[in-house]
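Here's a quick tour for anyone opening this structure for the first time. Take a look at the sequence and the fold, then follow the points below.

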Amino acid sequence: MTNRTTILAAVALGTLGLNAFAGPVSVEPAPASVQSSSGDWCTTLKSIGKIYENEENPYFQSFTLAGRLHYQASYIDGNDALGNDFHNSFDEYRRARLGFEAQFLQYFTLETVVNLVSDNRFRNRELDWGYQDFDTALLTFDIKKAFSVGDLDVLTATYGRHKFELSAEVVESSNNILTIERSAIANKVYNSARPTGFSMQAGKDQWLVSAALYSSEDDSEFIGGFNDALVYFAALDYKVSENLTLRLDGVYNDADAGDDDVLGYEWASTFNAIYDQSPYGILGTLVVGDNGDRTGGRGGSFHGLVVMPWYWIIDKKLQTVFQYNYSGSDEANGIRANTRYLSASQSIAQVNSGRGDELHTFYLGLNYYLCGNNLKLMGGVEYADLNTPIGNVDSLTYTIAARMKF
């Protein structure tokens, strides 16, 4: 494989937060209005990555840089499974990414993003700046445009290193999510997976169909191989009205438990509904799945529910959001609390590494948008109640975050 120095040089024109992460189902708040003058810093932040655009050029149509930098700090206070009090504090460079998007030969789009930080201090490990791996690397062919497929609004095919997108929370970019962390059940089915594979999208009017075939081999920092089993994915989005969108998706993982580098479970499906009628909105998600033949009480079926309403206190500036998440499992360790920061407290408290058979979380947050989702401040408090085989764990986590993208 190409050494790290060569790879980093090849993608040094990259960004942190590519538009490829935005999906067909979105809970992104409307951007704050800005002045159009060239001296407006917010306008500059939003446009600085647009390097070149010329649709009339037959060879090279556009080149855009994008980037993101996310920082957060937390304090957790709780009672562990043995009834002992514990508390801990963390600060973390949550994400630093750099990438680019290039459109060329009229029908092709190349998108790459690299991760530039690995901050594992919350796991009592090191903070490491510099090239880590590719977050995504995708080549898309516009079939509709190339072959003038007039019956469809969208028809594309993509190959490369994908962000795995199961559930509406995961489809939404980390730049745009309304909570500082996604819900525990969303993170379980997501597993931060970056599988290599093929995907297609076809859309007409209110309908969008997505399908993908991935490799379960995910041990490469760039494009993986197809030496193990396959992962099958499909999703259907339907825009009922201007304000209501529905999404049904599912995945089946054909890999044996010992050979699964991607998901950590056998299959899962989610049903999502998003209603957005400013100044308020709500997201609801139902999750069902099966862990397969995992050992240590981590097998069997699992299920979950997410309810997340939000309200604009000051239009496009100040927003409040509430989220309730329930996760349950048939086996003793079949679900897990988020790694940040309850599970990470295993080093100082008996929390069973955040695993159990039932989890309830309640999150209340405020988001202040200085420049839409390009620059915002977030604050939230989450109460978690986890049932483990050795006792009940509960905690309060207070988190503040700053997020920037261009």
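Strand S4 (residues 108–119) and strand S5 (residues 127–142) run antiparallel, joined by eleven bridges. Strands here are DSSP runs of E with at least two residues, helices are runs of H or I with at least four, and both are numbered from the N terminus; two strands pair if DSSP finds at least two bridges between them. Keep in mind that this is a predicted model, where local features need pLDDT of at least 70, side-chain atom pairs count only at pLDDT 80 or more, and totals for chains, interfaces and linings use all residues. Residues are numbered from 1 along each chain as its sequence is written, and side-chain values use heavy atoms, with hydrogens and water left out.

**Strand pairings**

- Met200 is bridged to Ala211 in S8.
- S7 and S8 make a hairpin with two residues between them, and Asp205 in the turn has a positive phi of about 55°.
- S8 is joined to strand S9 (residues 230–239) as well, by nine bridges and again antiparallel. Look for Trp207 opposite Tyr238 in S9.

**Nonpolar cores**

- A nonpolar core is a set of buried Ala, Val, Leu, Ile, Met, Phe, Trp, Tyr and Cys residues joined through side-chain atoms within 4.5 Å. Buried means under 20% relative accessible area, exposed means over 50%, and partly exposed is in between (1.4 Å probe, protein chains only).
- The largest core has 35 residues, and Phe164, Val251, Tyr265 and Leu342 have the most contacts inside it. Strand S3 (85–104), helix H5 (184–190), S8, S9, strand S13 (301–314) and strand S18 (375–388) each supply at least two of its residues.
- Another core, of 13 residues, lies apart from that one; Ile274, Leu283, Met308 and Met378 are among its members.
- What does Val251 touch, leaving out residues up to four places away in sequence? Its contacts (heavy atoms within 4.5 Å) include Phe164, Leu166, Val231, Tyr265 and Trp267.

**Aromatic rings and charges**

- Rings of Phe, Tyr and Trp (its six-membered ring) pair if their centres lie within 6.5 Å; planes under 30 degrees apart count as stacked, over 60 as edge-to-face, and the rest as tilted. By that rule there are 22 aromatic pairs.
- Phe134 and Phe222 form a tilted pair, 4.5 Å centre to centre with 50° between the planes. Phe134 is in strand S5 and Phe222 in the loop between S8 and S9, so the pair ties together parts that are 88 residues apart in sequence.
- Phe134 counts as buried at 5% relative accessibility, while Phe222 counts as partly exposed at 32%.
- Trp312 and Tyr369 are another tilted pair, at 5.3 Å centre to centre and 45° between the planes. This one links Trp312 in strand S13 with Tyr369 in strand S17 (residues 358–369), 57 residues apart. Trp312 is buried at 7% relative accessibility, and Tyr369 is buried at 0%.
- Ring pairs also link Phe104, Tyr107, Phe108, Phe141 and Phe147 into a cluster.
- The charged end of Lys188 sits over the ring of Phe302, 4.6 Å from its centre. For that label, NZ of Lys or CZ of Arg must be within 6 Å of the ring centre and within 35 degrees of the ring normal.

- Ser62 lies in strand S2 (residues 60–79) and is buried, with a relative accessible area of 6%. Leaving aside neighbours within four places in sequence, Ser62 is in contact with Tyr52, Glu53, Glu101, Ala102 and Gln103.
- Val113 belongs to strand S4 and counts as buried at 0% relative accessibility.
- Is Lys376 buried or exposed? Lys376 is in strand S18 and is buried, with a relative accessible area of 0%. A polar atom of the Lys376 side chain lies 3.3 Å from the backbone oxygen of Ile177. Not counting residues up to four places away in sequence, Lys376 touches residues including Asn175, Ile177, Tyr369 and Arg403.

Note on methods
Polar contact = N/O pair within 3.5 Å; in protein donor to acceptor, adjacent residues only side chain to side chain.
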